[in-house]
Amino acid sequence: MRSALPLIALVVLLTACGGKGGGDESQSSGLGAGVYADAGCGSCHTFEAAGSKGSIGPNLDETDTSVEEAVDQISRGGNGMPAFGDDLSEEEIQQVAEFVSGGEGSAAGAEGGAVVGPFRPSSQRLAGCLDADCRRQAFGNIAFREGPKPALDLFEEKQKDDSAVESDCHRIAHTIGSASLQHFDGSVAGALSAGRATCWSGYYHGVVEHAFNGTRRPALGEKSRSICVGDDIRRTSFIAYQCVHGLGHGLMIHTGYDLPESLRVCDELSTDWDQTSCHAGVFMENVSSSYGIKSKWLRDNDLIYPCNFVKERHKLYCYLMATSRILAANGYDWKKTVATCHESDEGWVATCMQSLGRDASGTTRQNTTRILEICSLAKGMARECVYGAARDIVSNDAGPKRAIPLCEGSPQSMRAYCFEGIGTILGGMRVQRDERRTACRRVTQRYFEDCARGAVAL
Ligand code: HEC
């Protein structure tokens, strides 16, 4: 199906949880401690007996987990923790479970499963920041206290002249989103309608991602259906898209990168459109994790995977995202990436080339000349690449202004199709059919019918 709304790449692969945990082994005793250190539990958990100070998962000195519960959590993961069932033996899991549940404690798990933790405010200000974590925190602090508007205003201003802010913009926007959700006391509709789409809509993703805080697995379907409802969210299909797309990100993070489970929950959403928009978020999170975790649903010797593995109905958004994975693995070699796209399942090469255009746009920061150079590498498929790039620019900008020169500067034979691409995204931002066509009037006279065809094709 063609109803594909944009899939938006985050090109930078991140390393958040990479730190070696563990600490001084002589402090701890028993076999469990060794497993704890080797498995890297300490990179996410604070646990005094192991000398670890991770802060992504709960502080294990403060949780009141039985050995059984710990075995379950370690084997199956979830809510932001990866599953260790395949990597550790049953015996090792038992040992490490005994080790971590030994700590006495109160019921700090009361929240019932903070995803990767809600935003924690501090007094940090942007002025003193030297690294990315600090900058995210500083922007989040503003949003937490004053709401998203001042945070996003400052963010957009800094993006113009601070390259560190610019290059980390999607994740900063995520953080502003999650902090704003708390500013609005957990009201997803309130937070979504007060935000905006800066930097591939990272704000919306951040809001929704954290809306799963405290939800247990069996309740995920029901919770998912309850999040993106209401007039504020369904006011435009653009916001609705960002919400449902954000759900996909959130499901992956919440289930500990369980791709099949996340797709299954997406498929419980009420409309086909919701379901596919959700798939988009799932696959985006899979190839470029918001928390620096390498998904086990990626293979180094098969860069098309999992697109060549998932069900037909899940392929569209997988392939629209495929080249982000391929490029990251081959060191941004565009030529090789074109070759790898040709290894896609039959019928999906064109979609992979659209993904190439999306990445050409994202990595060059929408530089028309560079995009056209990269797309020309795709030879006979170059039009698909230009089409993908045009769609990416419109969705990044939430408007057509910078995509128009791309279409106009592309080879004559591709222009009509390029404007159709612009139309698909513009159309998605409006509800009424005639509004969708009208949006194209302001874009192009000559290719109006092409743009309009894209705009109503949803
Ligand atoms: C990538 C980060 C990450 C890693 C690595 C990780 N965990 Fe976790 N862990 C989490 C998160 C997040 C939660 C919270 C899950 C929830 O609330 O349901 C969690 C929850 C737990 C819990 C349940 C705590 C409670 O509140 O009941 C235990 C026990 C646990 N982890 C042990 C471990 C052990 C042992 C390891 C290493 C084998 C490990 N974790 C590795 C992130 C991680």
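Student: Where is Pro306 found, and what joins it to Tyr305?

Tutor: Pro306 lies in the loop between α14 (272–287) and α15 (312–319). A cis peptide bond joins Tyr305 and Pro306, with omega at about 10 degrees. Helix labels come from DSSP runs: helices are H or I with at least four residues, strands are E with at least two, and both are numbered from the N terminus. One caution: this is a predicted model, where local features need pLDDT of at least 70, side-chain atom pairs count only at pLDDT 80 or more, and totals for chains, interfaces and linings use all residues. Residues are numbered from 1 along each chain as its sequence is written, and side-chain values use heavy atoms, leaving out hydrogens and water.

Student: Got it. How many helices and strands are in the chain?

Tutor: The chain has 24 helices and two strands. Of its 458 residues, 56% are buried. Buried means under 20% relative accessible area, exposed means over 50%, and partly exposed is in between (1.4 Å probe, protein chains only).

Student: Which residues other than glycine have a positive phi?

Tutor: Tyr257 is one of them, with a phi of about 60 degrees. Tyr257 sits in the loop between α12 and α13 (259–266). Lys379 is another, with phi near 50 degrees, and Lys379 belongs to the loop between α19 (368–376) and α20.

Student: Are Tyr257 and Lys379 buried or exposed?

Tutor: Tyr257 counts as buried because its relative accessibility is 5%. Lys379 is at 67%, so Lys379 counts as exposed.

Student: Let's look at α12. How far does α12 reach from its first C-alpha to its last?

Tutor: The general idea is to compare a helix with its expected span, which is 1.5 Å times one less than its number of residues. α12 has 18 residues and reaches 25 Å, close to the 26 Å expected. α12 is mostly covered, with 18 of its 18 residues buried. Just after α12, Gly256 takes a positive phi of about 70 degrees.

Student: What does Gly248 touch?

Tutor: Gly248 is in α12 (residues 237–254), and Gly248 is buried, with a relative accessible area of 0%. Leaving aside residues up to four places away in sequence, Gly248 touches Cys278, Gly281 and Val282. Contact here means heavy atoms within 4.5 Å.

Student: How are two packed helices described?

Tutor: By the angle between their axes and the distance between the axes. Axes are lines fitted to C-alpha atoms, for helices over the stretch in contact, and angles run from 0 to 180 degrees between N-to-C directions. Angles under 35 degrees count as roughly parallel, over 145 as roughly antiparallel, 65 to 115 as roughly perpendicular, and the rest as oblique.

Student: At what angle do α4 and α7 pack?

Tutor: Helix α4 (residues 132–146) and helix α7 (residues 169–183) pack at about 25 degrees, with their axes 8 Å apart. That makes α4 roughly parallel to α7. Residues making the contact include Phe139 and Gly140 of α4 and Ile172 and Thr175 of α7.

Student: And at what angle do α18 and α20 cross?

Tutor: Helix α18 (residues 349–363) and helix α20 (residues 382–397) cross at roughly 50 degrees, and their axes come within 6 Å. That makes α18 oblique to α20. Among the residues making the contact are Met353 and Gly357 of α18 and Tyr387 and Gly388 of α20.
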